[in-house]
Amino acid sequence: MLYYLFEYLHKALNIPGTGVFQYITFRSALALILSLLISTIFGKRIINFLRNQQVGETVRELGLEGQSQKAGTPTMGGLIIIIATLIPVLLLTKLNNIYIILLIVTTIWMGTIGFIDDYIKIFKKDKEGLKGIFKVIGQVGLGIIVGSVLYLHPDVTVRSETNNKVPLVQTENVFQQAPIEEKSTATTIPFFKNNEFDYAEILAWTGEGYKNWAWLIFIPFVIFIITAVSNGANLTDGIDGLAAGTSAISVLALAIFTFVSGNIVFSNYLNIMYIPDSGEMTVFIAAFIGALVGFLWYNSYPASVFMGDTGSLTIGGIIAVLAISVRKEMLIPLVCGIFLAENFSVVLQVTYFKYTKKRFGEGKRIFLMSPLHHHYQKKGYHESKIVTRFWIVGILLAIVSIVTLKLR
C-alpha cells in the first residue's frame, strides 16, 4: 500500500526522495526491519495472549531430557511469524504482482491448516490434531492452485533460450539484449551447463503438440514439492529454535536466487534463467526472514513459545512456493537439506521397522528415535548443541546452493 502511495508522490507530484520506493533493495531492507520490530515487540504480547487463553503445548512423554519442562509452554506462535510477515508485505510490495499474490495465499492457506490442527490439539484435547488425510488434502489443494497459476497465468514467463540471438537495444544509455519472454515449464538443474530442463520434454514421446500436456507433469510435481517440504518443516519443529533457524538460512539463500533471477543484468551475467517480476519476491522474503529471526528471540532455548503447526506448515509451504516460482526446485535437497534429512530419517525408520518385523518377527530401528534431532537427544546431546550444529550444516548447504549459480 505504501508502495503505491510513494509511487503517486514520485510520479504525480515529483516529491524528492519518494522515488526510493521503486528500488527492491530499499523496500527489502525496510521490510526486514519492520518485520523484525513487529515480531520482537508485539511477539511478547501475542505470547501473553496465548498464555492467558491457556494455549499450552501438550508434550508427549518420549523419555527425553528436559521434556517435562516444556509442558504448558504457549504454542500457536506461528501467528507471530504470519503477522510479522504479512504486514510489511501488504505495505511495501506490489500487490498486483502474481508471485506476491501466490505467496500471500500460501501463507494464509497453510497457516489456516496449521491453526486448525493446533486448535484441535489444544481445545478439543485430541493429541492427533487434524487428521492426516485432511492435511494432505489441504496441501494438495494448494499445490493445484500454485501449479495452475504458474502454468496458466500470462504474467508468469521466463527468458527464452534464444535470448542470446536477439539484437541489442539501448536502455538508459546501456546496450542490453532485449529479453524474449515466453510461457514455459522449464526449470534449472544445478551443477550442469545448459542446465534448463522443461517438464514438457518428459512427454516428447507422445508426438507433436506434447507441450500442451505439460501440466500433467508440472502440476503433480508442484503438489509433491509443497507436500514434502511442508511436512519436512513440520517434522523439523521438534526442539527449540531448530525449525525457525534452519528456515531463515534456507530462505536467505532463496532471496539471492529471486533477486538475481528477477534482474536482467545479473541473470545475463550469471547466464541463468531470467524470470520477469520475480525480483519482487525478495521483499516478501526479507519480511519473512525478519519474522523468523524475531520469532527466534522467543523460541531459542529455553523457548517461551512454540510455533506449532500454525508456523511449521506455513514455513514449509512458503519455502516450497518460493523455490518453484524461481525455478530452483531441483535445489531443494540442498537448500532444505535439514528438512530432507528429518523427513528421510522418519521414512527410513518406519520402513526398516516394518520390514524387520515382517521378516524376523521383531521390529528393529536404525535410529534411537526419529526424526533425526531426537536421535541425537537420545545420545545425550543438549538441545542447544544439536540446534547449533544443524544451523552450521544448513549454512554450508546454503553456501553450496548459492555457488551453483556459477559452478556448473
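The mean positions of the 33 positive charges (Lys and Arg, placed at NZ and CZ) and the 26 negative charges (Asp and Glu, placed at CG and CD) of the chain lie 7 Å apart, with His and the chain ends not counted. The model is a predicted one, in which local features need pLDDT of at least 70 and side-chain atom pairs count only at pLDDT 80 or more, whereas totals for chains, interfaces and linings use all residues. Residues are numbered from 1 along each chain as its sequence is written, and side-chain values use heavy atoms, with hydrogens and water left out.

The chain contains 14 helices and 6 strands, taken as DSSP runs (H or I of at least four residues; E of at least two) and numbered from the N terminus. Because a compact globule of 408 residues would have a radius of gyration near 22 Å, the 22 Å of the chain agrees with that expectation (C-alpha atoms; 2.2 Å times the number of residues to the power 0.38). Of the 408 residues, 50% are buried (under 20% relative accessible area, 1.4 Å probe, protein chains only). Among contacts (heavy atoms within 4.5 Å) with a separation of 6 or more, 72% join residues 24 or more positions apart.

Helix 3, spanning residues 78-92, has 15 residues and reaches 22 Å from its first C-alpha to its last, close to the 21 Å expected at 1.5 Å a residue (1.5 Å times one less than the number of residues). Its buried residues include G78, I80, I81, I82 and L92, and the elements covering the buried residues of helix 3 include helix 2 (24-52), helix 4 (98-123) and helix 9 (281-299).
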